[in-house]
Amino acid sequence: MFNKAALSSYKFPCANVITLFQIICSSTLLYALRHWKIISFTMGESQSISSSGKSIILVPYKTLVQTLPLAISYLLYMLVTMESVRGINVPMYTTLRRTTVVFTMIAEYLLTGQTHSLFVVGSVGMIILGAVVAGARDLSFDTYSYSVVFIANICTAIYLASIARIGKSSGLNTFGLMWCNGLICGPLLLFWIILRGDVETTLNFRYLFSFGFQCVMLLSCIMAFLINYFVFLNTTLNSALTQTVCGNLKDVFSIAIGWFLFGGLPYDFLNVVGQSIGFLGSCFYAYCKLHGK
């Protein structure tokens, strides 16, 4: 919501700058919490202290290099997802993004060799069907917008599958994975922003010092940190596919909460049916996972 407000409502032209601010805020907070010994970056606090010593990066260089594929996939995921929000209406965006579950299943199979039962595949099929039905009235085709969203789906799938794979082999906990992402992605993104001339564009942005715009940016950074933390945690503890299904389930609650809090949402029978099918598919997936089917 806050990303959409910055890019569309305020017409901020530099999605990459928003991503950089989110990375800087996240890394600064993680460094402070680690410095005050409130959190650790590895599975054991004693291991973290002995391995990284007084190094400013706070993790072993070997571990940092090991997380490089995860960081690159994260950077692509953030940049493409931010761009995909810009040029497409929300119902259609939601519909297309829900197809991420299919890409995630493929990525898990290719990266980790993980396969799923027919029950799980069936629940994913229900989610996709629900998304198509919900967005049936908004199927206005736009080649560029559709392409960007599907690229975002692929990046998301690779990113989540990488978390599941590297998170379990690197010895890093959720905070450590987020920290390594910031260390690698921050400088690369800053270089790209300078190369594109986004620094000058940002400094000349007419709403840069607007209180409303600054509030939107601050809330965007806070939400990005919280979302990233719980995405890493959920994917590490469960699986990439489970995280993707949770994202689909979130859409149902977002629509319901928005309906009761803000009102004014037009009633659409197909949308209600589609959301209901997707919700049942997510519930069926949860049932299958809990009962080991």
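Asp198 is in contact with Cys14, Asn16, Val17 and Ile193, leaving aside its neighbours within four places in sequence. The model is predicted.

**Asp198**
- Asp198 belongs to helix 11, which covers residues 198-203.
- With a relative accessible area of 7%, Asp198 counts as buried because that value is under the 20% cut-off.

**Nonpolar cores**
- The largest nonpolar core holds 53 residues, of which Leu30, Phe41, Val59 and Tyr159 touch the most other members.
- At least two residues of this core come from each of helix 1 (2-9), helix 2 (15-35), helix 5 (68-86), helix 9 (143-169), helix 10 (174-196) and helix 12 (211-237).
- Helix 10 contributes nine residues, the most to this core.
- Another core, of 10 residues, lies apart from the largest one and includes Val124, Ile127, Ile128 and Cys288.

**Cavity**
- One cavity of 30 Å³ or more is found when the whole structure is searched.
- The volume of the largest cavity is about 70 Å³.
- Its lining is made up of Ile23, Ser26, Tyr74, Met178, Asn181, Gly182, Asn228 and Phe232.
- Helix 2, helix 10 and helix 12 are the elements that each give two or more residues to the lining of the largest cavity.
- Helix 10 supplies the largest share of that lining, three residues.
- Sorted by class, the lining of the largest cavity consists of four nonpolar and four polar residues, with no charged residues.

Technical notes. Residues are numbered from 1 along each chain as its sequence is written. This is a predicted model: local features need pLDDT of at least 70, side-chain atom pairs count only at pLDDT 80 or more; totals for chains, interfaces and linings use all residues. Side-chain values use heavy atoms; hydrogens and water are left out. Helices (H or I, at least four residues) and strands (E, at least two) are DSSP runs, numbered from the N terminus. Buried means under 20% relative accessible area, exposed over 50%, partly exposed in between (1.4 Å probe, protein chains only). Contact means heavy atoms within 4.5 Å. A nonpolar core is a set of buried Ala, Val, Leu, Ile, Met, Phe, Trp, Tyr and Cys residues joined through side-chain atoms within 4.5 Å. On a 1 Å grid over the protein atoms alone, a cavity is a set of points where a 1.4 Å probe fits but cannot get out, and a pocket is an open set with protein on both sides within 12 Å along at least five of seven lines; lining residues have an atom within 4 Å of a point. Grid points are joined across faces, edges and corners, and a volume is the space filled by probe spheres set on the points. Ala, Val, Leu, Ile, Met, Phe, Trp, Tyr, Cys and Pro count as nonpolar, Asp, Glu, Lys and Arg as charged, and the others, Gly among them, as polar.
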